[in-house]
Amino acid sequence: MIDVFFFFVVIVFFFFNDTATTEIYTLSLHDALPILHIVSFGYILFAIMFAFNGIIRGVGDTMIQLLITVISLIILRVPLAYFLANHTLLKETGIWIALPAGVFVATVLNIIYYLSGRWKRKIIL
């Protein structure tokens with residue numbers, strides 16, 4: 001997260017290092033800065049979410065993971081991205097805000113389920 005947050009210019013320049021694309025590079029850098037800052041906060045949440053997700057799936061409790069995915073992706077992330085992009089001043093930046101928002105909800109739901117201990121009662125045959 002720290003490298004993406006602080007070294008975003010290097011990351012964007014990696015894709016636009018040709019002198020013929022200077023104008024595109026300048027525009028892309030201007031557009032990429034807020035997107036990389038927004039998405040970089042989701043990286044830690046992704047790691048936590050996948051760890052809890054793996055624990056719960058590893059004991060064979062896969063239906064709850066399906067439910068968490070449906071809630072965080074289909075019920076929250078997609079409609080939120082649509083709403084933020086079309087009904088706020090955020091426009092396409094709203095799409096990128098919806099990504100860590102969905103991951104945040106999935107992380108919280110995974111942690112709540114893990115702490116509930118219901119996954120310990122799952123019996124694998």
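Okay, let's start with Phe-46, which comes out partly exposed, at 23% relative accessibility. Keep in mind that this is a predicted model.

Now its neighbour along the helix. Phe-50 is also in the partly exposed class, with 48% relative accessibility. Both residues sit in helix 3, residues 22-58, and since they're four residues apart there, about one helical turn separates them.

So what about the rings? The aromatic pairs here number three. Phe-46 and Phe-50 make a stacked one, because the planes are at 15°, under the 30 degrees cut-off. Their ring centres are 5.9 Å apart.

How are the planes of Phe-52 and Tyr-114 arranged? That pair is edge-to-face, with 70° between the planes and 5.1 Å centre to centre. Here's the bit I like: Phe-52 belongs to helix 3 while Tyr-114 belongs to helix 5, residues 92-116, so this pair ties together parts 62 residues apart in sequence. Tyr-114 is partly exposed, by the way, at 27% relative accessibility.

You'll find Gln-65 in helix 4, which covers residues 63-87. Is Gln-65 buried or exposed? Buried: its relative accessibility is 4%, and the class needs under 20%, so Gln-65 qualifies. As for what Gln-65 touches, leaving out residues up to four places away in sequence, we get Asn-53, Ile-56, Arg-57 and Asn-110.

That's my tour, over to you.

Notes
Residues numbered from 1 in each chain as written. Predicted model: local features only at pLDDT ≥ 70, side-chain atom pairs only at ≥ 80, totals over all residues. Heavy atoms only, no water. Phe/Tyr/Trp six-rings, centres within 6.5 Å; stacked < 30°, edge-to-face > 60°. Helix = DSSP H or I, 4+ residues; strand = E, 2+ residues; numbered from the N terminus. Buried < 20%, exposed > 50% of the residue type's maximum accessible area, 1.4 Å probe, protein only. Contact = heavy atoms within 4.5 Å.
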